[in-house]
Amino acid sequence: MTTQVVDRTTAVRLEAVSKVYGHGGNGLLALDKVSLSVRPGEFVCLLGASGCGKSTLLSLVAGLDRPTQGEISTAGRQVAMMFQEPALFPWLTVSANVEMAFRADNLAKRERRIRAGEFLEMVHLGGFGKKRPHELSGGMRQRVALARALAQSSSSSSSSSSEGGAVLLMDEPFGALDAMTRDLLHDELERIWREQALSVLFVTHNVREAVRLGDRVVLLSSRPGSVVEEFPVELARPRRTDSAEVAGLAATITDRLKEEVLRHGH
Amino acid sequence: MAVDTHARQLAGLDALELAGEQRAGVASRAWARLWPMLTAVALVLVAWELVVLSGRWPEYVFAGPITTFQDLGHRLGDPEFYQAVATTMRRAVTGFALAMLVGLIVGAAVSRVKVLRAAFGALITGLQTMPSIAWFPFAILLFGLTESAITFVVILGAAPSIANGLITGVDYTPPLLLRAGHVLGFRRLQLYRHVILPASLPSFLAGLKQGWAFAWRSLMAGELLVIIAYQSSLGEQLAISRELSDSPGLIGTMIVILVIGIVIDMLFEAADSALRRRWGLNPV
C-alpha cells in the first residue's frame, strides 16, 4: 500500500501543464499552461477542435507521456483509460481481456474470471466471455474495453479503492460508433459512472455528446492547447442528446468553438 | 425500468450486428481446394511423359512417370527406405529445433537491446541471404564428415529467418496495444510477456515457415555432400542413384523430398490460418 494521502477535494489536478514535442526552435508546443481539476465523482468533458492537444492531455494524465512543465496529480487514485479504438488483445478471449486488468492483483485465476464476468455483466455482455474480440461488433468491443477499464478502476492495487474514486480517462471512446449505439452507451456510461462513483475525464469533439454527459464542459483552444472557457452543465439527468436544452447549450458552446477556430483562419 | 430497457435494446442491437455468417460444408470446401491441385499434378505428369516420349534423352537417363512410380512403389515396401526418411527427418527436426532456440534467443535479445540491434541487425539479414551451401566447406573443416557438420549448417540456414521473424513482429506491435498494456500497468518484462510477444506471434510464425524452408534446403545440400557410412538418408540415396545411373530411383527420391517439403509447408499454413481465424485477421 502506498502512503500517499488521497485528496478528497480533487481527483485529477493539472497545474500549468505544458507539453513540447521535439527540441529547441523546432519544438511544437502542444499544450500551453493548462490548469484543470476534476472533483471526485465529477464528469468533465474536454472539448476542442483538432490540434487542441486533448489526446496529449489524456496521455499525460495516464502516465503514457511526461509533461515538459507543470504538475499532474491523480492523488494516488487508480487511473484507467479507454481509447477511441477498443484496443483489445486479439489473442485473448473477451473474458481474458478483462482479466488483464487484475494481473497486478495477485488473484487466483478462478477469482479473476468471476470478477471479469461481473464487469462484463455490467456492460450487458455477460454471455460473451468466451468469444474472441473480432467476433463482436464495434459497439460491443467498445463495451468490452469499458468493462476492462472499469475492472481496472476497481483493482485493489490502488490505495484508494475504499475511497471509491477511481479516475476514468476516455479518449473519444464512442467516436467510431453509429448514433443509436452511441446513445445507448451514453446511458450505460452515465449509469455506471454513478454506481461506481467514478471521476471521468472525457475527451470529444462532439459538442452535444459533451453536453449530454458532462457536469462541466471545458473548451480548449488549438495550437497550442489551452483552456479557453468552462461551461457548467446544470441540466437535470438523465438527459437526451436530442433535447432542446442540450441543443441550446451545445449551440452556445459551438459558437464559442467557432470563434476559436476562426483565429486560425488567416 | 430504465436499466432493463437499455439492456434489452443493447441485446437487440447486438443480435442484429452478429447475424449472418455461414460457411460451406467441409466436403465442398475440401473439394474446392483439392481439384486445382489434382489438375496441376495431372498436367505436370502429362508434360513429363511428353518430354520422355520426345526421345531427347534415352529412357535409362530420364525415366518416365510410370517406371518411376513403379520403382517408388517398390521402395515403399522396403524398410531401408523408411530408415532413410527417418534419418533425414530426425536431422531436420533436430536442426530446426536448435535453430528455433537460437533464433528465439537472438531475436529476443536483438529486438530488446538497442546496441545489439545496431551491431547485429544488418548481420542477421545478411546471413539470411547467404546461400547455406557456402558454409559446408567450413563446416566440414570444423566437424569433419559428421552429422554435426550438417546440423551446424541447418542451424545457420534457419536461425536468421526465425530471429528476423521475431524482430519484425516486435517492431510491428501495434502502438495502440502497447499503450493499452501500459495503461493496464505492464512495464518492461511484463509488457514484453503479456503484449509484445503475443502480438509478434503471426510474424514469428512466418519466420518459422521461412526458416523451415531454409533448413530443408540446407539439409538436402548437406546430405549430398556429407555422406556418412551405414547411415542411409534421402540425400545419400540421391547421390547413390546418380552414381548408379538409376534414373527412376533418383526421380522417385526427388518426388519424396518434394512431397515432404509440401506436407510440412501445409502444416505451417494450417497453423497460420488457425491463428488468423482466432485473431480475426482473415479478410471477410
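In chain A, among the contacts with a separation of 6 or more, 73% are between residues 24 or more positions apart, where two residues count as in contact if their C-beta atoms, placed from the backbone, lie within 7 Å. Please keep in mind that this is a predicted model, in which local features need pLDDT of at least 70 and side-chain atom pairs count only at pLDDT 80 or more, while totals for chains, interfaces and linings use all residues. Residues are numbered from 1 along each chain as its sequence is written, and chains are lettered from A and ligands numbered from 1 in the order in which they are written.

Staying with chain A, its secondary structure comes to 7 helices and 9 strands, helices (H or I, at least four residues) and strands (E, at least two) being DSSP runs numbered from the N terminus.

Now to the domains, whose bounds come from an automatic or database domain assignment: in chain A, domain 1 covers 11–78 + 163–266 and domain 2 covers 84–157. Their centres, taken over C-alpha atoms, are separated by 25 Å, and 16 residues of domain 1 of chain A are in contact with 12 residues of domain 2 of chain A. On the domain 1 side, strand E6 (167–171) and helix H5 (179–195) of chain A each supply at least two residues, and H5(A) gives the most, with 4 residues.

Turning to the other chain, 24 residues of chain B are in contact with 28 residues of chain A. Which helix gives the most to the side of chain B that touches chain A? That is H1(B), with 10 residues.
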